[in-house]
Amino acid sequence: MSSRHAVAPARSVDDHRREIEDLLRPTAARDPELVPMAAALGRRLAADVYSPLDLPVFRNSAMDGYAVRADSVAIVPVRLRLAGVVAAGNPGETQLPEGAALKVMTGAPMPPGADCVVPVEHTSFDGESVTIEKSRSAGDFVREPGTDARTGQLLVAAGTLLRPRHIAALAAVGLPELPVAPRIRAAVLTTGDELMPAGTQLLPGQIYNSNGLALAAALADNGVEVVSVAHATDDPAEFRQRLDEATAGADVVFTSGGVSQGDFEVVKDVLGPLGGRFGAVAMQPGGPQGLSVVDGVPVLSFPGNPVSTMVSFEVFARPILRELAGLPEVATAELPLLDSVRSPAGKRQFLRGRVTDAGVEITSGQGSHLIASMAQAEVLIEIPAEATDVATGTVVRISRL
């Protein structure tokens with residue numbers, strides 16, 4: 001850590017999370033936006049939507065079969081002259097003649113004069129006439145207008161997270177676009193001279209940059225619009241330029257790296273003098289954390305080790321981002337731990353684990369650099385700060401990754 005900045009006392013996980021939540025909640029307070037129906041899946045509806053028309057729109061057949069008058073098929077079998085065919089999309093103006101039948105397709109308009117449909121499987125056709133083999137009552141297999149929805153009926157309430165079933169109903173009444181809550185716009189900015197993009201040949205001392213893609217994926221998976229993913233070296237001027245570009249188009253910026261106690265902590269060195277708060281949070285991994293506001297935009301600064309970055313996102317950002325996006329809360333549970341654990345005193349520890357029929361087990365490798373091991377995990381296992389020796393069988397709290 002640069003000697004220019006005082007060391008802040010370790011904060012609790014809950015205190016740091018609450019401060020982040022307080023900073024992020026106002027970012028969702030923007031006017032609703034209209035989006036095309038095709039882009040509305042997964043968005044949160046911003047206003048009640050009422051049907052502009054009746055569903056079904058017109059009287060139509062519920063089956064492939066023959067439109068007839070019920071009184072003409074009261075005694076069966078009965079042979080009726082076939083007077084024509086009415087397909088789906090037909091304007092529905094063909095009148096049913098007396099003593100005849102009209103072949104109709106599913107969804108086709110009911111011919112004037114017909115009051116029921118005999119399914120095709122209860123008939124036989126000889127090329128000119130149809131033999132009806134089963135009687136039907138008036139209204140059988142006929143869809144009347146408005147039996148699904150009436151004009152002015154509430155279709156989907158404000159606040160609903162739009163799923164395919166909602167899109168189907170809203171598209172059926174012809175709505176081209178929907179008012180939805182705006183998505184939080186986030187920018188990702190990674191730092192470090194050692195980080196290289198995928199596809200380049202690594203030189204000694206270099207590693208591939210996984211944090212940019214990982215954070216972008218985590219944000220998109222939790223209802224956030226990712227507007228940019230950029231990288232800066234440890235040069236302060238370059239970092240400041242990339243940061244200004246990020247804040248210009250985002251509601252919140254996520255940085256990784258440059259927040260610890262080394263000699264080249266570019267994020268802390270640039271944002272500290274601007275009022276950013278940097279210091280330890282009583283947790284492992286992810287202890288070094290930073291929180292700033294630049295040009296009115298919150299900047300959440302996570303440590304650069306890949307696992308620390310992802311655990312920081314899970315603990316501090318994911319719950320509030322899901323809340324603001326209208327997504328379900330992160331699933332949690334309490335299960336017996338299938339391993340014994342030694343945990344550092346005074347730090348809340350977040351272990352990566354996997355759920356089994358017997359409980360939850362720790363996946364191999366808990367170092368903050370072991371990102372490949374994290375891929376095998378399904379949950380975060382929370383060990384309280386006051387616990388130092390946790391025995392096998394202890395019930396622990398888990399949250400789904």
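Which residues lie nearest the centre of the second largest pocket? They are R17, P319, V330, T332 and R397, out of 20 residues that line this pocket. Keep in mind that this is a predicted model, where local features need pLDDT of at least 70, side-chain atom pairs count only at pLDDT 80 or more, and totals for chains, interfaces and linings use all residues. Residues are numbered from 1 along each chain as its sequence is written, and side-chain values use heavy atoms, with hydrogens and water left out.

**Helix α6**

- Let's start with α6, a helix that spans residues 306-325; helices (H or I, at least four residues) and strands (E, at least two) are DSSP runs, numbered from the N terminus.
- There's a kink of about 50° at A317, shortly before the proline P319; the bend at a residue is the angle between axes fitted to the seven residues ending there and the seven starting there.
- Of the 20 residues in α6, 18 are buried (buried means under 20% relative accessible area, exposed over 50%, partly exposed in between, with a 1.4 Å probe and protein chains only).
- Just after α6 comes G326, with a positive phi of about 75°.

**The nonpolar cores**

- A nonpolar core is a set of buried Ala, Val, Leu, Ile, Met, Phe, Trp, Tyr and Cys residues joined through side-chain atoms within 4.5 Å.
- The largest one has 30 residues, and F254, L300, F313 and L321 have the most contacts inside it.
- At least two residues of this core come from each of α1 (13-24), β14 (185-191), α3 (211-220), β18, β22 (297-302) and α6.
- Helix α6 gives the largest share, ten residues.
- F254 is in contact with residues including L189, L300, F313, A317 and L321, leaving aside neighbours within four places in sequence; contact means heavy atoms within 4.5 Å.
- A second, separate core has 17 residues, among them A246, A250, V270 and V299.

**A closer look at T255**

- You'll find T255 in strand β18 (residues 252-256).
- T255 counts as buried because its relative accessible area is 0%.
- Beyond four places in sequence, T255 touches L189, F239, V267, V299, L300, S301 and F302.

- Grid points are joined across faces, edges and corners, and a volume is the space filled by probe spheres set on the points.
- The largest pocket holds about 570 Å³ of space, and of its 33 lining residues, E194, G257, P303, G304 and N305 are the closest to its centre.
- Its lining has eleven nonpolar, 17 polar and five charged residues (Ala, Val, Leu, Ile, Met, Phe, Trp, Tyr, Cys and Pro count as nonpolar, Asp, Glu, Lys and Arg as charged, and the others, Gly among them, as polar).
- The second largest pocket has a volume of about 450 Å³, and α6 supplies the largest share of its lining, seven residues.
- By class, the lining of the second largest pocket has eight nonpolar, two polar and ten charged residues.

Conventions. 1 Å grid on protein atoms, 1.4 Å probe; cavity = no way out; pocket = protein on both sides within 12 Å on 5 of 7 lines; lining within 4 Å.
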